[in-house]
Amino acid sequence: MISVLLLFAPVIAALFVPFLANRLRGIHTGWFVLAVPVLLFIYYLGFLPQVKDGGVHIGELAWIPSYGITLTSYIDGLSLLFSLLITGIGSLVVLYSIFYLDKEKERLGNFYVYLLMFMTAMLGVVQSDNMIALYGFWELTSISSFLLIGYWYTRDKSRFGALKSMLITVFGGLMMLGGFVLLYIMGGTFSVRELVSMAPELAEHSLFTWALVLLLLGAFTKSAQFPFYIWLPDAMEAPTPVSAYLHSATMVKAGLYLVARFTPIFAASEIWVWLVTSIGVLTLFWGSFFAVKQTDLKGILAFSTVSQLGLIMSLLGAAAAAFHVDGAAETMFKYAGFAAIFHLVNHAAFKGSLFMIAGIVDHETGTRDIRKLGGLMALMPVTFTIALVGSLSMAGLPPFGGFLSKELFLTGMLSLGELDLFAPASWGTVLLVVAWIASVFTFIYSFYFVLRTFTGKHKPDLLPKSAHEAPAGMLVSPAVLGLIVVAIFFVPNFIGDWIVKPAVAAVQPFMYNSPADVDVHVAAWHGHVTPELMMTIGIVIAGLVLYWLLPKWQGLYRAFPEYLTLNKFYDSSMYFAESGMNRLSRSYMDGQIRSYLIYMFSGIVIIVLGSMIAKDAFQVSFEGTAPIGPAEVGLLLVLVASVVTTLVARKRLTAIIALGAAGYVVALLFVTFKAPDLALTQLVIETVSVALYLLAFYHLPKMSRHDEKRKFRVGNALIAAAVGLMMALLAMSSASQKALPSISQYYKDTVYSEAGGGNIVNVILVDYRGFDTLFEIAVLSIAAIGILGLIRLRLTRKGDSGEKQ
Amino acid sequence: MEILMSVIIGFLFMAAVYLLLSRSLLRVIIGTGLLSHGAHLLILTMGGFEGSAPPVLADGVTDFVDPLPQALILTAIVISFGVTALFLVMAYRAYQELETDNMTLLKGNDEHD
């Protein structure tokens, strides 16, 4: 219960942010906000001992019990890992933002409200056990990401990037919701835990593959996998703290979380294994290859993030593959799941620090264009050191955490080569080769990022500001992350035991019963030369050579035609969607009331007649009908005659009088049908109406057909005849079959005892249905005010405006 | 009687719709008038014509006609009067301002978008 409420702590704190930002302008709002993630981080640390032993914490708060929708905070190894990442990195990012965002110039209130909103959303995503709540939080992360990317909303690029990310991730979110609904149909519950427990039955269901694909669409769009990655580079328009937080450490990992969380359910499917692994490896390669093309520091990091997300995704695929191997926990298949989670932690640390470095460089030099940068090593030694640590870790070199996870990654990919499942066996080898090439490019862009910025020739005249070291406060956060990167290398098994293994046990319950069963020991040196080490050495050599030759082959990127890129495809589909939809709606929304009436009438006719035919509802029965008297026949003849007169009248006076006649006949019909009140009312109203018509008559134009063509009239007549036919059939059917008895017996019985009146109709109006009558009076008053307004109000005076002349 | 009334109701609706679709503003308004007559009779017919006495309590009378449709129609008559009055004034003002009652010309312009 407490843990559920704490999910909302950031949002509740956000309520006070605007107040703090406006009233206490002297103190940077960030200092107040900082308390929220720090306290939550400490709170979640408290769960570590319990979760390490395989325990889970469940807090529940009923939301819509009748639909089985609850707000749950389910803290197992996987959610705890993510919760710690969200609050831990969140604290560092908030601290960093205090120095990054100027308290005088920026609208801090907005920034921190969005950021806190995101924090709640993200915590909700990783802790919700209920899929509907998960979906809600999921979309909230998209919305807060949209707001944060568009934080500098006066910039075109910010708005473009914000919209792009929103469209793509919300599309994925909707697909995911579809997957959730299918899972609900299959399993009858929204709870992920319960679905996991019935995984074997679900795998037999015919909807299983559909749910799988829809769910993966959600994960792939969120985690920027090929071909949906295109939103992430454009999201770099956000302030750098946001990029470090949402677009590298947390939000983009929501897709990975989703895949990891649902692995126990979907691992049984070969499609899942190969789709996740192949898309992951493809994204890994694609991102790393195009990272070298970028000239914007954050652009390089964005593509690098895409690539690293692909890496983790492929490992999750390989982790699912272990399901299909007998005794996987004893073989090399056990490494993939561990590697995925381990690298996820590593990546959050080094990529977070690198984004902050990019922000510092931008802040202190005024540009992020790598062509203008260079030689900053001497000017910004601390920044350079941290950047070097992050980059070498990213490149997979010792003595940094990235080296260990890269080794484990290669082990995971090697294990795929051994897998004989569904696809030809060589497919695993192809993936291994692509993964190796991608690692070479990872090496290249890591060096490209750090060396082009900090070494080489300093070009002070190209920089908008004169470069100098960043203030100490700004360096704290990246330095902490850098230290973590180094620490992971030296005590990997400490991290492994406390954080990674509980998460692995949650992802691969089909292999492990408790975190203690995860028999993976990480070591930098295995005592002999392993294939992984050989591959790493190959990566370093190839990477160094290619980096050396970079100026010779970087031009190749320009050979790739612009019009074939996915971005171009996005742009043109957006353009066609906008102009095409506009044209489509204009083609039928032509401003003519007649057209709209025709659409409505045809719609009604089709729906009513269609359902009458489909349900076989049409019936005519003369049984029990009232006899037809001569008086009624006479009245009806007069009615028909007067209606015909209104139709054919050439003069408006004739038409009005005919309408009046029809009204009086209806009043007389009411008399014959024993409705005295109606008859009286109708007589009064008709008299007033005719008077009104005649009053307006003086001001109204002569009746004219306005050259209605024959075709026009025939069309109208057809629609009119169809509506008339429909109404006649409807009236006949409803008069001929009484499905339910009238409810008026109650009124007849109680009118005197309850309401003390004798005229039942009147009593219904003023007593039983008194509110109806009250609102009827309100409608009349509104009409009266409207009429008064129309007559009195003169927005344009005749002669005043030039158009009228 | 019910069947005959149904035919009449259909006829009323047909005439009303035909008038609604025409180009003259006055004919459109007359159409709405006929439409409400049709609707009122439809409600009455749907309730059926059973019963031999008006729905007013009197000694020894138990065979009332159904009062509920009548209550509904009573409200509808008054509302339709309000609508007709508003339409008429609107037509009058529109004609004054725009100097036409041709529905085809009264479709606004495309400038605003």
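# A tour of chains A and B

Begin by selecting chain B, where the order of elements along the sequence reads α-α-α. This is a predicted model, and in it chain B contains 3 helices and 0 strands. With chain B still selected, look along its principal axes, where the C-alpha atoms occupy a box of roughly 70 × 25 × 25 Å. The radius of gyration of chain B is 19 Å, whereas a compact globule of 113 residues would have one near 13 Å.

Next, colour the segments of chain B that carry an annotation: in an unreviewed entry, UniProt gives the feature "transmembrane region" at residues 6-21, 28-49 and 69-92 of chain B. Moving on to residues 28-49 of chain B, you will find a span that is 91% helix and 0% strand, with its end C-alpha atoms 32 Å apart.

Now bring chain A into view, which has 34 helices and 2 strands. Its radius of gyration is 36 Å, well over the 28 Å that the globule rule gives for 805 residues, so chain A is more spread out than a compact globule.

Select residues 64-106 of chain A, for which UniProt lists, in an unreviewed entry, "domain: NADH-Ubiquinone oxidoreductase (complex I) chain 5 N-terminal". This span of chain A is 56% helix and 19% strand, and its end C-alpha atoms lie 40 Å apart.

In the loop between α11 (208-222) and α12 (231-234) of chain A, select A:Pro227, which is joined to A:Phe226 by a cis peptide bond with omega of about 0 degrees. Then go to A:Pro399, in the loop between α18 (381-395) and α19 (401-417) of chain A; here the peptide bond from A:Pro398 to A:Pro399 is cis, with omega near 0 degrees. Finally, centre on A:Asp616, in the loop between α27 and α28 of chain A, where A:Asp616 has a positive phi of about 55 degrees although it is not a glycine.

From there, turn to the contact between the two chains, in which 86 residues of chain A meet 75 residues of chain B. On the side of chain A that touches chain B, at least two residues each come from several helices, including α27 (593-614), α28 (630-648), α29 (652-672) and α30 (676-697) of chain A, and also from α31 (710-736) and α34 (770-792) of chain A. The largest share of that side, 14 residues, is supplied by α31(A). By residue class, the side of chain A that touches chain B divides into 55 nonpolar, 20 polar and 11 charged residues.

For the last stop, show α31(A) together with helix α1 (residues 2-20) of chain B, whose axes are 7 Å apart and which pack at an angle of about 155 degrees. Because angles over 145 degrees count as roughly antiparallel, α31(A) is roughly antiparallel to α1(B). The crossing of these two helices, α31(A) and α1(B), is right-handed. Among the residues in the contact of α31(A) with α1(B), 20 are nonpolar, 4 are polar and 1 is charged.

Conventions:
Residues numbered from 1 in each chain as written. Chains lettered and ligands numbered in written order. Predicted model: local features only at pLDDT ≥ 70, side-chain atom pairs only at ≥ 80, totals over all residues. UniProt positions renumbered as here; feature names shortened; annotations may be inferred. Helix = DSSP H or I, 4+ residues; strand = E, 2+ residues; numbered from the N terminus. Contact = placed C-beta atoms within 7 Å. Nonpolar A, V, L, I, M, F, W, Y, C, P; charged D, E, K, R; others polar. Axes fitted to C-alpha atoms, helices over the stretch in contact; angles between N-to-C directions. Parallel < 35°, antiparallel > 145°, perpendicular 65-115°, else oblique. Left-handed = near helix turned anticlockwise from the far one by under 90°. Rg over C-alpha atoms; globule rule 2.2 N^0.38 Å.
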